Amino acid sequence: VECLKRLIFGMGTMKLNVLHWHVTDHQAFGLKLPSEPTLATGNNFFRGKTHRKSKRKHSSGKTFYTMEETQEVVRYGKALGVYVLLEFDVPGHALGWEKGYPVAVNVHCKNEVSAPREFPNCNANLDPRVEATYSLLRSIFSDLKKHLPNDALKLLHLGGDETSFKTWARPQFEDWMEAEGIVQMKKWSVAEVDPITGDRLDTPHRLLELFERRLGILIDKYLSTQGTVVVRWEEIFKPHLEACCFFPRNQTVVQMWRKPYGKKAKRTKEDILHAGFRGIIVANEEFWYLDPNPSDQFWQRWHTRYKYDPLKVSPPHGETYTLPSTYQHRVFGGEAACWGRCMETQDSFDTYVWVPLTAISERLWSARSVMSYENAEMRLTRTLALLSRRWRRTEEGAGDELDMVHLIRFHSRSADKRTVRI
């Protein structure tokens, strides 16, 4: 909790006003719910793990947040002008749900014998075929409404990225489709053919539609009635789902995280806004993902991150252009993403995050014409110095101090001169 509060404190200095808290993922179900406490009992991914470089082990203690701790973080964020956006990622990224609620999870492992039952060896989705899945989602929504302040559910992120179609392409799902699935698909009006192309839909695509149709009913009942705006990742915007799902569109925001170029047809920022969604959030993996990983996304210089224009559109064919002015007000903002599992220590987080985060924050709050690196570097240095002084004056950050000169130089190195890895 103190690490999250320290992050929120720093975000306030950077004028960043939303903390996107990925509560669930393959690694863990990170919130202990009063009505479904077993969901958080299987969080053993970090327990006993050894860091690759420091050789230090993660704590073997509690691996989840209680509802009371979540309330504390939400209240602290509100006091500092930072909205805490919780994400429960569905239907994919569900491996962290399995040990606590196996009946509602489909798991597919590349190696079932000798490799650990962890991501990336294993992938998992919630099971759209069983009632237990929807009962579980009802419990989650009910607990959030009951235990969090009303304004804490103005926005709720329900994921939607990287659903594993391989998990649903196995024989047992085909068998179900030929038996009970026939009745279920008719009951919930799931399409047999793509309404746009006329092609027959395969089992994974139909199972995804089944899940999204039923999730939409739950959203209408538990969230839309109190004005909650739902955020989903861009992968939900599949052509065969456009006619059936994600209504009302003006209550759904799409978060775009994939690389800006090479988009499939009808998947650009303009396409999504034209379809009637309330707006988009830009979280570009190539420029604004901060965690070190095998793809070397961290090793973008801060100048490159600073230069990225979230209003640019790169269609599958043709020249990059600026989003038409009629849509620009519906680009609600941008996001810098950092996955905590990639960080070894608080020092690692400080080193890898705060300089690029400062640059991204300035880009989002500045006019598009403000592009001078030299002037920006002076402002970044002053902002980081201010953050360091504020940390020293607070109990949460007692003794913490950033070495501004070192950090600025560290993040100015080009990729071919990198010397530090995690």
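Let me begin with a term: a contact here means heavy atoms within 4.5 Å. With that in hand, residues 24 or more positions apart account for 72% of the contacts in the protein chain with a separation of 6 or more.

The model is predicted, so local features need pLDDT of at least 70 and side-chain atom pairs count only at pLDDT 80 or more, while totals for chains, interfaces and linings use all residues. Residues are numbered from 1 along each chain as its sequence is written, and side-chain values use heavy atoms, with hydrogens and water left out.

The protein chain contains 14 helices and 13 strands; these are DSSP runs numbered from the N terminus, helices being H or I of at least four residues and strands E of at least two. Of its 422 residues, 53% count as buried, that is, under 20% relative accessible area, with exposed meaning over 50% and partly exposed in between, for a 1.4 Å probe and protein chains only.

The largest nonpolar core has 100 residues, and Phe 88, Trp 97 and Leu 158 touch the most other members. Helix 7, residues 203-222, gives the largest share of this core, 8 residues. Such a core is a set of buried Ala, Val, Leu, Ile, Met, Phe, Trp, Tyr and Cys residues joined through side-chain atoms within 4.5 Å. Cys 109 lies in strand 5 and Cys 122 in strand 6, so the pair ties together parts that are 13 residues apart in sequence. Both cysteines, Cys 109 and Cys 122, are buried.

The two strands also pair directly: strand 5, residues 105-109, and strand 6 run antiparallel and are joined by 5 bridges, where pairing requires at least two bridges found by DSSP. Asn 106, for example, has Asn 125 in strand 6 as its bridge partner. Strand 6, residues 122-126, is largely enclosed by the rest of the structure, because 4 of its 5 residues are buried.

The other disulfide links Cys 244 and Cys 245, their sulfur atoms 2.3 Å apart. Its torsion about the S-S bond is about -75 degrees, so this disulfide is left-handed. Cys 244 is buried at 18% relative accessible area, and Cys 245 is buried at 2%.

Definitions and conventions:
Disulfide = S-S within 2.5 Å.
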